[in-house]
Amino acid sequence: MNILVVDDSAFMRKIVTDLLEKMPNIHVSNTARNGQQALKILCEQKQPDLVLLDVEMPILNGLETLKEIKRLYDIPVIMLSALSNKDVTIEALALGAADFVEKPTNIREIQEEWIREFYNKIKSIHMQKRRPNRKRVEKVEPAAPSIKERSLPSRVQAVVIGASTGGPKALLKVMQALPASLSMPIFIVQHMPKGFTSSFAQRMNDESAVTVKEAQDGMLVEKCVYLCPGDFHMTVKQGKIQLNQEMKIHGTRPAVDYLFESAAQLYRRELVAVLLTGMGKDGTEGMREIQRLGGYTIAQDKETSVVFGMPRQAILSGVVNEVLSLDEIAAKVKQIVR
């Protein structure tokens with residue numbers, strides 16, 4: 001896989017390039033010091049498989065460069081972001097960036113966990129991009145032999161949603177479909193680092209009619225949307241939101257399974273769960289528990305997922321009642337909560 005690295009810092013370009021060159025089957029085909037130079041490379045040379053794009057740069061910044069890349073090319077983009085650029089990063093995800101990587105706070109002591117997550121994001125996004133070009137038939141989604149078809153419950157008290165890579169843009173679409181007044185709460189876990197979730201909750205709140213809040217420990221559950229804060233797990237018990245920092249699940253905190261399993265215990269057959277785009281298998285065990293207690297489960301389809309990892313795992317595990325496109329999910333959730 002060939003990657004173009006775009007960053008105005010020569011030191012950061014060197015650090016990122018050295019890291020990437022040590023990863024299996026990854027090669028840095030070129031580097032650029034600003035967006036203008038990056039666009040020139042894309043125009044004049046063989047296009048890379050993926051672009052790593054800094055958020056803050058002179059001459060042509062990350063957002064403007066991203067807009068041009070998305071307008072001219074079909075190349076996935078991962079943003080390189082610092083916490084100080086969190087609002088711009090959320091804007092980049094809304095504009096079509098596949099994901100972002102938070103720059104390590106200590107460049108000289110980069111943690112193995114950070115490197116592993118960095119590699120997994122690159123690999124997952126690249127694999128998803130390649131799949132449509134493969135001349136083979138995938139029987140899992142079209143045939144869906146393990147989908148447990150049944151009717152949506154006549155009475156629903158809550159909706160839970162889980163997402164990872166590609167989730168911010170998908171969640172914005174779902175929120176924008178919702179009415180200002182909800183008949184029930186919606187709880188969301190989006191894999192995202194600490195600090196970025198507050199900006200994302202604000203973005204969803206500003207761009208939709210519905211009220212979206214970043215969850216806080218001890219909050220009373222009302223009829224609005226709650227987004228789990230980064231670096232915390234979220235559970236729902238006795239009409240209140242509870243946050244904790246227990247061990248990571250599937251290498252992440254927050255984890256979708258934590259929310260899904262607790263909501264299943266509280267709402268039982270009056271719960272609907274939605275699993276959106278994302279890498280890995282988080283959410284499958286939570287969906288299993290929701291189904292066991294009579295709830296209803298929905299997974300995003302392959303065609304509209306940025307990374308068809310989490311939904312695919314749930315489908316293969318036989319814990320999904322319905323597979324829908326993102327547009328269909330937005331319409332379905334609207335139908336449920338109004």
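**A serine and the sheet beyond it**

Modeller: In this predicted model, the side chain of Ser208 comes to 2.5 Å from the backbone oxygen of Met204. Ser208 lies in the loop that runs between helix H8 (196-206) and E8. With residues up to four places away in sequence left out of the count, Ser208 touches Met175 and Gln176. The relative accessible area of Ser208 is 14%, which is under the 20% limit, so the residue is classed as buried.

The loop leads on to E8, a member of an open sheet of 7 strands with parallel pairing, ordered E8-E9-E7-E6-E12-E13-E14. Strand E8 (212-214) and strand E14 (322-324) are the edges; each has a single partner strand, and therefore one side of each has no neighbour in the sheet. On average, neighbouring strands are turned by 20° against each other, direction ignored. For E8, the partner is strand E9 (residues 225-227), joined to E8 by 3 bridges in a parallel arrangement. Within this pair, Glu214 stands opposite Leu227 of E9. Helix H10 (residues 284-292) packs on the sheet, where it touches strand E6 (158-163), strand E12 (271-275) and strand E13 (296-300). The direction of H10 makes about 150° with that of E13.

An antiparallel pair may be set beside this: strand E10 (residues 233-237) and strand E11 (residues 240-244) are joined by 5 bridges. His233 has Asn244 in E11 as its bridge partner. The two strands form a hairpin with 2 residues between them, and Gln238 in the turn has a positive phi of about 50°.

Technical notes
Residues are numbered from 1 along each chain as its sequence is written. This is a predicted model: local features need pLDDT of at least 70, side-chain atom pairs count only at pLDDT 80 or more; totals for chains, interfaces and linings use all residues. Side-chain values use heavy atoms; hydrogens and water are left out. Two strands pair if DSSP finds at least two bridges between them. Helices (H or I, at least four residues) and strands (E, at least two) are DSSP runs, numbered from the N terminus. Axes are lines fitted to C-alpha atoms, for helices over the stretch in contact, and angles run from 0 to 180 degrees between N-to-C directions. Contact means heavy atoms within 4.5 Å. Buried means under 20% relative accessible area, exposed over 50%, partly exposed in between (1.4 Å probe, protein chains only). A polar contact is a pair of N or O atoms within 3.5 Å; within protein, one must be able to donate a hydrogen and the other to accept it, and residues adjacent in sequence count only if both atoms are side-chain atoms.
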